[in-house]
Amino acid sequence: MMPVSKDTVMMLKSYQSQAEQLVRNYVLADPFLPYTSVLGGIFACKMAYELTQLISSFYFKSYDGLTKMQRFEWNNRGMSTLHAIFITVMSLYLVFFSELYSDQQFGLVPFRSSPLSTLHLEVSVGYFLTDLGMIIWLYPSLGGMEYVVHHSLSLIAVAYSMLSGEGQLYTYMVLISEATTAGVNLRWYLDTAGMKRSSAYLINGVVMFFAWLIARILLFVYLFYHVYLHYDQIQQMHTFGILLVFVVPCALSIMNLMWFGKILKGLKKTLAKSQ
């Protein structure tokens with residue numbers, strides 16, 4: 001990996017400073033305005049859903065041949081893919097490139113937040129509200145009980161971090177796992193379009209395997225290690241916040257391991273068929 005130049009670091013710091021000043025002076029100037037970001041996230045989901053529908057009807061011949069429920073899921077996955085790209089980029093920046101959660105900075109790590117970090121969580125709350133609503137509305141067509149549990153836990157954890165400012169680092173670590181969503185959705189798109197035996201399906205399966213291993217297995221190991229190192233600081237959080245720090249990652253880890261087993265099994269079958 002090429003080292004990041006000092007100019008790039010300075011540019012990122014400058015962007016963060018300007019963005020946070022803009023958010024602080026305008027978006028957060030009124031105590032009620034932060035909640036508009038949640039509504040903005042819901043509106044963005046609606047726009048992404050309709051944009052997916054519009055683009056697909058023009059550029060994908062197989063789209064018109066889908067059933068009504070398949071088209072609904074097709075558009076829903078387009079929406080979730082756009083959110084996944086957005087929140088993954090923001091989470092990676094805040095966790096690994098921003099100095100907000102660095103141990104070299106002053107203050108307890110679990111209590112650190114910024115206008116920019118809170119704003120991104122507000123948008124994500126809007127997404128989880130929208131997607132969870134769709135899953136429940138069309139249950140179980142868009143996913144079974146495991147999806148309801150996953151989205152409910154994510155929504156509670158993200159909303160708590162947004163409102164309290166506590167545990168935002170761990171919330172963003174968990175949100176990095178959304179990086180795998182694009183691959184999962186692409187797999188469904190290829191399968192639905194009748195391209196299950198294509199090289200694209202095979203390549204996506206391999207990429208999804210490694211992405212899942214890194215973002216949903218190894219990263220969670222790092223999260224638990226970080227919690228262990230900062231346990232004395234975490235103890236100073238509110239009781240509900242402490243509960244979320246331990247319960248949500250543990251529950252999601254169990255689900256991630258179960259899904260990882262299915263991915264590994266599916267990959268083995270795909271590789272066997274390709275030979």
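The dialogue below takes the features of this structure in turn.

Me: What kind of model is this, and how are its residues numbered?

Reply: This is a predicted model, in which local features need pLDDT of at least 70 and side-chain atom pairs count only at pLDDT 80 or more, while totals for chains, interfaces and linings use all residues. Residues are numbered from 1 along each chain as its sequence is written, and side-chain values use heavy atoms, with hydrogens and water left out.

Me: How many helices and strands does the protein chain have?

Reply: Helices (H or I, at least four residues) and strands (E, at least two) are DSSP runs, numbered from the N terminus. The protein chain has ten helices and zero strands. Its elements, read from the N terminus, therefore run α-α-α-α-α-α-α-α-α-α.

Me: What share of the residues counts as buried?

Reply: Buried means under 20% relative accessible area, exposed over 50%, and partly exposed in between, with a 1.4 Å probe and protein chains only. Of the 275 residues of the protein chain, 47% are buried.

Me: Among contacts between residues at least 6 apart in sequence, what percentage joins residues at least 24 apart?

Reply: A contact means heavy atoms within 4.5 Å. In the protein chain, 76% of the contacts between residues at least 6 apart join residues at least 24 apart. Phe72 and Leu142 are 70 residues apart in sequence, yet 9.0 Å apart in space, C-alpha to C-alpha. Phe72 counts as buried because its relative accessibility is 15%.

Me: How many salt bridges does the structure hold, and which residues form them?

Reply: Side chains of opposite charge can pair when their charged atoms come close. A salt bridge is a side-chain nitrogen of Lys or Arg within 4 Å of a carboxyl oxygen of Asp or Glu. The structure holds two salt bridges. One joins the side chains of Lys46 and Glu50 (2.5 Å, N to O). Because Lys46 and Glu50 are four residues apart in helix α2 (residues 34-59), about one helical turn separates them. The other salt bridge joins Glu73 and Arg77, with the closest N and O atoms 2.9 Å apart. Glu73 and Arg77 both lie in helix α3 (residues 68-97), again four residues apart, about one turn of the helix.

Me: Are these paired residues buried or exposed, or do they fall in between?

Reply: Lys46 is partly exposed, at 46% relative accessibility, and Glu50 is partly exposed as well, with a relative accessible area of 35%. Glu73 and Arg77, by contrast, are both buried.

Me: Which side chain of opposite charge is nearest to Asp131, and what does the side chain of Asp131 contact?

Reply: For charge, Lys and Arg count as positive and Asp and Glu as negative, whereas His and the chain ends are not counted. Asp131, in helix α4 (residues 115-137), is buried yet has no salt bridge, and the nearest side chain of opposite charge, Arg77, is 8.9 Å away. A polar contact is a pair of N or O atoms within 3.5 Å; within protein, one must be able to donate a hydrogen and the other to accept it, and residues adjacent in sequence count only if both atoms are side-chain atoms. The side chain of Asp131 makes such a contact with the side chain of His151, at 2.7 Å. Not counting residues up to four places away in sequence, Asp131 touches Asn76, Met79 and His151.

Me: At what angle do helices α6 and α8 pack?

Reply: Axes are lines fitted to C-alpha atoms, for helices over the stretch in contact, and angles run from 0 to 180 degrees between N-to-C directions. Angles under 35 degrees count as roughly parallel, over 145 as roughly antiparallel, 65 to 115 as roughly perpendicular and the rest as oblique. Helix α6 (residues 168-175) and helix α8 (residues 199-229) pack at about 170°, with their axes 10 Å apart. The two helices are therefore roughly antiparallel to each other.

Me: Which residues does Thr180 contact, and where does Thr180 lie?

Reply: Thr180 lies in the loop between α6 and α7 (181-192). Apart from neighbours within four places in sequence, Thr180 is in contact with Ala211, Trp212, Ala215 and Arg216. Thr180 is buried, at 2% relative accessibility.

Me: Where is there a cis peptide bond?

Reply: A cis peptide bond joins Tyr139 and Pro140, with omega about 0°. Pro140 lies in the loop between α4 and α5 (145-164).
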